[in-house]
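Please read this note with the model open beside it.

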Amino acid sequence: MDTKELLKKVRKIEIKTRRLSDHVFGGEYHSTFKGRGMTFSEVRQYQFGDDVRNIDWNVTARYNEPFVKVFEEERELTLMLMVDISGSEFFGTQEQFKNEIITEIAATLAFSAMQNNDKTGLILFSDEIELYIPPKKGKSHVLRIIRELIEFKPKSNKTDIANALKFLSSVMKKKAIVFVLSDFIADNYRDTLKIAAKKHDLTGIRVYDKAEENIPNLGMVQMEDQETGELLLVNTGSKNVRNQYYSYHRERVDYFSEAFTKSGAGALSSRVDESYVKKLLGYFKRR
């Protein structure tokens, strides 16, 4: 992709997701993810209805009339985006591939964080850590994140969610808001997830294509495994083959839901042809 085309793509995503974060998600994001507590801001004269526990007795004694301490929320947080860029993300039978929807969701969250003056970081992973961008503030930083999401070429096509979560724990020492974006066609990450979810405010966003749920009956079909590159001849006319595939897919989906729910993390699923805006808003409101 040449620079001109890349900048055009970045700009297109910026316009769409910036509008969403400004008008839709900014306030929801703010009220969903609270700051670390309250910090002392100033003192002012007591007004009817103020909590008497907040009276500053030293100032009150000095001026001979009641003054209260005013606190404000200490809001600065860190948003960490963990994005699966393995081979299976480059799949789509609708208008968009899964990785394109994931990029839009990640950009919307990054702009919402920026609006709240929070830092944003990025981890791109396959079965290894492909790229780590430490958390920072500012628009140029968010645009760099979007640029990487669009054009980064992974070295590996495989997925290892547990490995990515271990890396998160090693680089993020303080509590962060973490979104893991993937199709979650993986397992063996439950224990690592449990550890990460104890420390961070963690949410898994599963993005999937409805064609992945069932194989249609098309007779003998040559299929390529997106993650291994292996070509297989599959008899989709066999009911047994279709049932096996459905069971395999269902197991992964159930594993995702159960692993996130039982570890105390949040979870939501969005199909590529559905509105992720509605899904995210619904999730924020339920929190």
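1. Among contacts in the chain between residues at least 6 apart in sequence, what percentage join residues at least 24 apart? The share is 75%, where contact means heavy atoms within 4.5 Å.

2. On the source: this is a predicted model, in which local features need pLDDT of at least 70 and side-chain atom pairs count only at pLDDT 80 or more, while totals for chains, interfaces and linings use all residues. Residues are numbered from 1 along each chain as its sequence is written, and side-chain values use heavy atoms, with hydrogens and water left out.

3. The chain has eight helices and 10 strands. These are DSSP runs numbered from the N terminus, with helices being H or I of at least four residues and strands being E of at least two. Of the 287 residues in the chain, 46% are buried; buried means under 20% relative accessible area, exposed over 50%, and partly exposed in between, with a 1.4 Å probe and protein chains only.

4. Six strands form an open sheet with mixed pairing, in the order β5-β4-β3-β6-β7-β10. Two strands count as paired if DSSP finds at least two bridges between them. β5 (129-136) and β10 each have a single partner strand and stand at the edges, so one side of each is left without a neighbour in the sheet. On average, neighbouring strands of this sheet are turned by 15 degrees against each other, direction ignored; the axes are lines fitted to C-alpha atoms, for helices over the stretch in contact, and angles run from 0 to 180 degrees between N-to-C directions.

5. Strand β3 (residues 78-84) pairs with β6 in the parallel sense over five bridges, and V83 stands opposite L181 in β6. β6 and β7 are also paired in the parallel sense, over six bridges, with I177 opposite D201 in β7. From β6 the chain crosses through α6 to β7, and this β-α-β crossover is right-handed: with the strands pointing away from the viewer, the path from the first strand over the helix to the second runs clockwise.

6. β7 has a parallel pairing with strand β10 (residues 266-271) over six bridges, and S270 in β10 is the bridge partner of V207. Is strand β7 (residues 201-208) buried or exposed? Eight of its eight residues are buried, so the strand is largely enclosed by the rest of the structure. D201, T203, I205 and V207 point one way from β7, whereas L202, G204, R206 and Y208 point the other way.

7. R206 lies over the face of Y208, at 4.1 Å from the ring centre. The rule for a charge over a ring is NZ of Lys or CZ of Arg within 6 Å of the ring centre and within 35 degrees of the ring normal.

8. Rings of Phe, Tyr and Trp (its six-membered ring) pair if their centres lie within 6.5 Å; planes under 30 degrees apart count as stacked, over 60 as edge-to-face and the rest as tilted. The count comes to nine aromatic pairs. The rings of Y63 and F67 have their centres 5.5 Å apart and their planes at 45 degrees, so this pair is tilted. F67 is buried, at 13% relative accessible area.

9. Y189 and Y255 form an edge-to-face pair, 4.9 Å centre to centre with 85 degrees between the planes. The pair links distant parts of the chain, 66 residues apart: Y189 is in the loop between β6 (177-182) and α6 (190-199), and Y255 is in helix α7 (residues 239-262). Y189 is buried, with a relative accessible area of 1%, and Y255 counts as buried at 15%. Ring pairs link F184, Y189, Y255, F256 and F260 into a cluster.
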